[in-house]
Amino acid sequence: MSATPAEFSPPATPGGKAAEYLDQRLGIAKAAKSQLRKIFPDHWSFMLGEIALYSFIILILTGIFLTLFFTPSMNEVTYNGSYTPLDGIKMSEAYASTVNISFDVRGGLLMRQVHHWAALIFVMAITVHMLRIFFTGAFRKPREINWVIGFTLLVCALLEGFAGYSLPDDLLSGTGLRIAEGVILSIPIVGTYVSFFLFGGEFPGNDLVPRLFTIHILLVPGILLALITVHLILVFYQKHTQWAGPGRTEDNVVGLPLLPVYTAKAGGFFFVIFGVCAFLGGLVSINPIWSYGPYIPNQISAGSQPDWYIGFLEGSLRMMPNWEWNFWGHTVSFNVLIPSLVVPGILFTGLAVYPFIEAWVTGDRREHHILDRPRNVPTRTGIGVAGMTFYGVLWLVGGNDLIATHFHLSLESITWFGRFAVFLGPIFAFWVTRRICYGLQRADRDKVLHGRESGIIVRSPEGEFSEIHTPAPAGDRYKLTAHDVHRPLTLTEVADSNGVPAPRVRQAKLRARVTQWYFGTRIEKPTEEEYHDAISGGHH
Amino acid sequence: MSTGDMNHEEEHGAVAVDEHGHGAVVPAGDPFADPGLPAHRPRITDIDEKAARKAERQVALLFVLSAAATIGFMVAYTQIPRTAVANFFPIGAVSASNLALGLLLGVAMFALGAGAIYWARTLMTDVEFPQERHLLDSDPADKADAAAEFTQGVDDSGIKRRPLIKRTLIGALAVLPLPALWILRDLGPLPGDSLRHTAWTGGELIINDNTVSLDGTKGSGIRPEEITVGSLFMGRPAAALAAGEDFNNVMAKAAILLVRLDPADIASAQERDWSYEGIVAFSKICTHVGCAVDLYEQQTHHMLCPCHQSTFDLSDGGKVIFGPAARSLPQLPITVNADGFLVAKSDFTQPVGPSFWERG
């Protein structure tokens, strides 16, 4: 903290003069004064979003390079580049130019592979970052809007990834597009039309690659860039959340200053992420489209897998029973519609609106800047783990053929296992997670009341053995009791004092029931008396 | 900052108690009160100038390493021929250029980043300090002022007094986005009945996929005797050879597979009727979402789609026996022409590939 006010003197250094020039035109000193030494709290989990941001920058840089050599066209050409196994084969210009980038442009393969790896890391980082936000309750007021922006970023990232890996027009991505066509066709009433408009006629047509190219390099990245900017401005403006701890309250943010510490740490971290992507691009082959061959609709390779973030849709499609309705000359393919549109629709809508649902349940209108430890909100944590389990089962079944061949299991039994596990797994996961959370809360409570086991056993003059406990230091006592313990509402609380039920009584009743489910079982924080009893009374 | 006034005795847990708490000093007041920020613990580099100088040298070394790798990257770019192959355990034969460029770029980036982070962690301040946070919502006076300004603005526009303007404006804005949809009409043709037809017609020669030339314009037909019991053939209509730019569109619907079954094994009467001496032709396009079915189990006559594992029984009208596909693989009726080559008797009698709303 700079306590002494600085005296203004006309700048003498070139940097100072430049700053003065800008300040006279833009008034930057005011902003710089308050923002240069802005405090950011430190915790490893706060860098997950940074990974997403940095991989996005890497994607833009490597992507610009790739556009210089990629030809977004489905016109047919005969290949005669330096990769001889494809010599003389007819293929689209898109595919041929991707092979050329890989073999005839120096550094081209590296840029392609770094681009692909960074894309996988981008979606992964967004996902894990979002889980962090979810489990720590960082989406609560005032950050609900930023949650929705982040959610939109996730959806755009999935779309962007799918559009990107479809561009080379190789056998694997063409198969993915064929599946996408089948999915679009399953949409009732408009599906066939949407498909014809998207592909410019029948699948695959000659228009899709140039259209996807515009979507992939202009439309979606533009949206991503705009939303990321707003996302970061909000993080800056609303200030970062922090963990509870001695000296850390709802009214402050404790950490290290942007200049120099986070400039160095965050800036350095960008290069670390870029370095890791470069190592991966140099060492680990990814999407070797030359070995897949160009897309031809009657060819396929067994064991084909999409990029990891499409895997859950793949699994969902694989495990769905084959239900289809035919009536009045129309067909509804539930076997495609439900797993590929309804299931992700429900999953993603739930994700987007969760902050608002929880706010309605808790009725909490306060601002929250101190993060929840996941154990202290067992129902939310349980819901999150249930969601992860649901997603995880879908994702695993997306590789049911590989699991079957690698572990010599029956494909049919894996699929049937998935059909049950996708429903039972989340319920079980929810129940187990809540139990674990309660257990951890009890352990915390115990730590506050009785301190830590020191491992020293003493014998009293009466012959009794007991273990020395080290009392919890004040900092720990504060940290472990800083959370709220929410209470369920009872129906009397939703009626007014004369017993007249509140208006919209049905909604109130529903809310009372949901709070009962959320907060019915809870571990109370130790009271002052309990603490004094424990420390002096000598009984549990 | 309240770092100085904290209870050090508490911090170090100086008082030992037994498991019942005997022996503890009972803290006065609220035992769960915020004790304030703990005192800063200096790092070795804060107190030992020698350690600090060592850290400085380590940071500088990382920066030098980064610069060296950057230069190495440019040298590798120009010096390593793009066709050179490196054998790199345990990865195997890889492009030497890609390997060198990747490693050097990785070192250039990683060392620079690691140097900056190490600098921050060892030599920059690690004294945490608090900054105040304020409620985000404005104070009531500002809210009232903002509302008043807004009301004044609305009043000045006269929109409330002139409902005609308001209504016509809303109407105009409501229809304005429609052209954005209208103008997309030419993205593609209307489906019509195109999904119901393929390139197969009565007498269309079945071309053996394996005989098709590299450029896709030449290929020969199949004689029934070439297909032995248990073998699998891939076929395409002769029209595909002349399809040019439309080749993929033709294949997306017309690709077929042929197998010869023992006629006694064919369970469906229609399938036998549409076969030729036990040779049956089925659409190769999966009825689930359109992948090419490809994995044939000779003994059971099962055909599996590698995408989502829909399994079809080729000896029983292509019926679905497992997986997410709802409909049988469509069968193509076949016969032989005057030259003794297999030909289609007609087009498929139902749409091939994935279901769609108008399919019925």
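**Notebook: chains A and B**

I began with the meeting of the two chains and counted 116 residues of chain A in contact with 100 residues of chain B. The model I am reading is a predicted one.

Next I asked which element of chain A gives the most to the side that touches chain B. It is helix α10 of chain A, residues 258-283, with 18 residues. I then sorted the residues on this side of chain A by class: 51 are nonpolar, 47 polar and 18 charged.

I looked for strands that pair between the chains.

I turned to the domains of chain B. Domain 1 covers 44-122 and domain 2 covers 197-344. Between the C-alpha centres of these two domains of chain B I read 56 Å.

Last, I looked up a helix pair inside chain A. Helix α12 (residues 311-319) and helix α16 (residues 411-450) of chain A pack with their axes 9 Å apart, at an angle of about 110 degrees. Angles of 65 to 115 degrees count as roughly perpendicular, so I put α12(A) and α16(A) down as roughly perpendicular to each other. From α12(A), the contact uses A:Gly315, A:Arg318 and A:Met319. From α16(A), A:Thr415, A:Gly418, A:Arg419 and A:Val422 take part. By class, I have two nonpolar, three polar and two charged residues in the contact of α12(A) with α16(A).

How values were computed:
Residues numbered from 1 in each chain as written. Chains lettered and ligands numbered in written order. Predicted model: local features only at pLDDT ≥ 70, side-chain atom pairs only at ≥ 80, totals over all residues. Contact = placed C-beta atoms within 7 Å. Helix = DSSP H or I, 4+ residues; strand = E, 2+ residues; numbered from the N terminus. Nonpolar A, V, L, I, M, F, W, Y, C, P; charged D, E, K, R; others polar. Domains from an automatic or database assignment. Axes fitted to C-alpha atoms, helices over the stretch in contact; angles between N-to-C directions. Parallel < 35°, antiparallel > 145°, perpendicular 65-115°, else oblique.
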